[in-house]
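This report covers a surface patch, a set of salt bridges and a pocket. The sequence and structure come first.

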Amino acid sequence: LFVAFDMTYHWILPGDRFAFGACGGLFFANGKDEARAPGHYYGLNLGPVVEVGIIPRLYLHARFERIMAEDLDELAVAGWRYGGGATVVAWRTEGADAALQLDVLKTSASTKFAEGKRDLDALSFIVGLQFAVDPLLY
């Protein structure tokens, strides 16, 4: 189980075809290691985003994030999350839009338990809602 609250800032280039930005957020993950009791992790992620418009209202994006987390025993976890996906804009006005976002992200992280180093890798399939606002129009 992985619950995340992300915010992404996009700088959209003229023509609505390319965008660059940064994303960051907080997450909570619940997982089980074979050699330990179930682990509950909380942390943050931060990294760049690149987006390309394929056709009107369909965008492909790539993300690369650094993750830093701790479990409830304050055991540090560090790693990377990377991947990409598609965004389909379902509703658009002059200054805002709402979209459906589909992502596939690979998480590669590790920590050191008393028994030695453990890899905490995961593959995530994410379905989300995205709301975008042009701050210059409001």
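The patch on the surface consists of V88, L100, L102, V127, L129 and F131, with about 630 Å² of accessible area together. β6 and β8 are the elements that give two or more residues to the patch. Patch members have over 30% relative accessible area and no salt bridge, and nonpolar side chains (Val, Leu, Ile, Met, Phe, Trp, Tyr) are joined within 5 Å. Areas come from the Shrake-Rupley method with a 1.4 Å probe, and for residues only the protein chains shown count as cover. V127 lies in strand β8 and is exposed because its relative accessibility is 64% (buried is under 20%, exposed over 50%, partly exposed in between).

The model is predicted: local features need pLDDT of at least 70, side-chain atom pairs count only at pLDDT 80 or more, and totals for chains, interfaces and linings use all residues. Residues are numbered from 1 along each chain as its sequence is written, and side-chain values use heavy atoms, with hydrogens and water left out.

Salt bridges (a side-chain nitrogen of Lys or Arg within 4 Å of a carboxyl oxygen of Asp or Glu) number six by this rule. Three of them, including two made by R81, are tabulated.

| Pair | Closest N to O |
|---|---|
| R81 and E65 | 3.0 Å |
| R92 and D97 | 3.8 Å |

R92 is partly exposed at 32% relative accessible area, and D97 is buried at 16%. Salt bridges with shared partners connect D6, R63, E65, R81 and D103 in one network. Within it, R81 is buried at 3%, as is E65, whereas D6 is partly exposed at 37%. R81 is in strand β5 and E65 in strand β4, so their pair ties together parts 16 residues apart in sequence.

The largest pocket has a volume of about 1300 Å³. A pocket is an open set of points on a 1 Å grid where a 1.4 Å probe fits, with protein on both sides within 12 Å along at least five of seven lines; lining residues have an atom within 4 Å of a point. The volume is the space filled by probe spheres set on the points. Among its 44 lining residues, T8, H10, Q130, F131 and A132 are closest to the centre. β1 supplies the largest share of the lining, 10 residues. The lining comprises 22 nonpolar, 11 polar and 11 charged residues; Ala, Val, Leu, Ile, Met, Phe, Trp, Tyr, Cys and Pro count as nonpolar, Asp, Glu, Lys and Arg as charged, and the others as polar.

Conventions:
Helices (H or I, at least four residues) and strands (E, at least two) are DSSP runs, numbered from the N terminus. Patches are made of residues with over 30% relative accessible area and no salt bridge: like charges are joined within 9 Å, nonpolar side chains (Val, Leu, Ile, Met, Phe, Trp, Tyr) within 5 Å. Buried means under 20% relative accessible area, exposed over 50%, partly exposed in between (1.4 Å probe, protein chains only).
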